[in-house]
Amino acid sequence: MGDLGSLKKTHTMIRNPILMAFLSLLMIAPALKSSAQDNCGGAVVNATALYEQGKLREAIDAMKPCLTYSLDKTNLWQGYKILALSYLALNDAKDACTAAENMLEQNPLYVPSLLKDPKDFIDLVNSITVIPKFSLGLAVAAGINNTYVDVTQIYNASNFTKNYSSKIGTQFGFVFGYNISRELAVGIDLNGSFKNYAINYSTNDFNITDNEHLSFLEVPVYATYFFGKGRLRPFIRLGAYEDFLLSSTSDFSATYQPDKTSYSDNTIGNDRRNNSDFGLLGAIGVNWKFDPAWQAFFEFRYAYGLTNIVNDANRYTDQNLIFNYFYLDDDLKISNALFSIGVVTNLSYKVIRQK
């Protein structure tokens, strides 16, 4: 019975012409694709030979059919190059431009050969604007920053003046961008930022120092305007940022001047700081295209803090700081001057077609 059932099932499948045609297509599709690509490679060789013999119309006719079905990017861009060269030789500037644009869509990083390619073809390719669409980068050299403190309200547990001083910190992160045009781009970063500053004051025969260390996840959003068209392109940048507090540490040390005795505390915790900080940013820099697919950037940025980083509700909760160091947090805004070096590679490109 099992053999009879299998035989009936097979017979039913054979009698279904649509199913059999579909199965046959699945089996021969890879071979057809491979054959089409092989034929297109042969068309490129044939059209190139015809072009070199001066048979320009024949070269175009030999190449065009392949370009309608080929899936191989190498064959496609080489085929469009032959069309562009042939149309240029025929003084057909419009079709040559269209073919060159199609070529750059398949191979956006193509660079004409100064030794092998005709000058009019080189000029045509160089006249076409190809811009990166999406970019991704990593600030591999990281960078340095200097933190500046703006005291908006003073709080003291004794009669003295606190002196704030800047200290060096670091940052590193990822860079994401989208290019609207050759000149204008928008971007967003995802950075780890480490900001430091120091506080010094004297009271009741004590000299006291506090070194503050703040770690943030920083998310800047900005617009960038590029100047020029060469390999070195200066830029300006404007935007805003949000800092999300990761950790906060205060290193207190006190020295009693009459006998030079000292003591210290390392206070770790985020309860004295607000969870986020918001501000505006401006930057200047330069992009250096050292490779068709890679760029380096050098940037000087200033980030101006707009919000108080101190948690008002917890200003008086740490009794150790009040009684041993006579300390209360002032209301503070922090700003940063930072320098970064990084590299960027582009994930996709867009050809700006001539109208």
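This is a predicted model: local features need pLDDT of at least 70, side-chain atom pairs count only at pLDDT 80 or more; totals for chains, interfaces and linings use all residues.
Local features were taken at pLDDT of at least 70 and side-chain atom pairs only at pLDDT 80 or more, while totals for chains, interfaces and linings use all residues. Residues are numbered from 1 along each chain as its sequence is written, and side-chain values use heavy atoms, with hydrogens and water left out.

The structure holds 1 disulfide (a pair of cysteine sulfur atoms within 2.5 Å). Its partners are Cys-40 and Cys-66, with an S to S distance of 1.5 Å. The angle about the S-S bond is -55 degrees, and the link is left-handed. Distant parts of the chain are joined here: Cys-40 belongs to helix H2 (residues 17-52), and Cys-66 to helix H3 (residues 56-67). The two cysteines are 26 residues apart. Helices (H or I, at least four residues) and strands (E, at least two) are DSSP runs, numbered from the N terminus. Burial was judged by relative accessible area: buried means under 20%, exposed over 50%, and partly exposed in between (1.4 Å probe, protein chains only). Cys-40 has a value of 0%, so Cys-40 is buried. Cys-66 is buried too, because its relative accessibility is 2%. Another cysteine, Cys-97, is buried at 9%.

Helix H6 spans residues 119-127. Its buried residues are Phe-121, Ile-122, Leu-124 and Val-125. Seen down the axis of H6, these residues fall within an arc of 160 degrees (taken from the directions from the helix axis to the C-beta atoms), so they line one face of the helix. Lys-119 and Asn-126 are exposed on the other side of H6. The buried residues of H6 pack against two helices, H4 (73-89) and H5 (93-106).

Asn-200 lies in strand E5 (residues 184-203). Its relative accessibility is 30%, so Asn-200 counts as partly exposed. Contact means heavy atoms within 4.5 Å. Beyond its neighbours within four places in sequence, Asn-200 is in contact with several residues, including Thr-161, Lys-162, Ile-208 and Thr-209. From Asn-200 to Phe-252, the C-alpha to C-alpha distance is 9.9 Å, across 52 residues of sequence.

Ser-340 is part of strand E11 (residues 331-346). Ser-340 counts as buried because its relative accessibility is 8%. Its side chain makes a polar contact of 3.0 Å with the side chain of Gln-171.

Note on methods:
A polar contact is a pair of N or O atoms within 3.5 Å; within protein, one must be able to donate a hydrogen and the other to accept it, and residues adjacent in sequence count only if both atoms are side-chain atoms.
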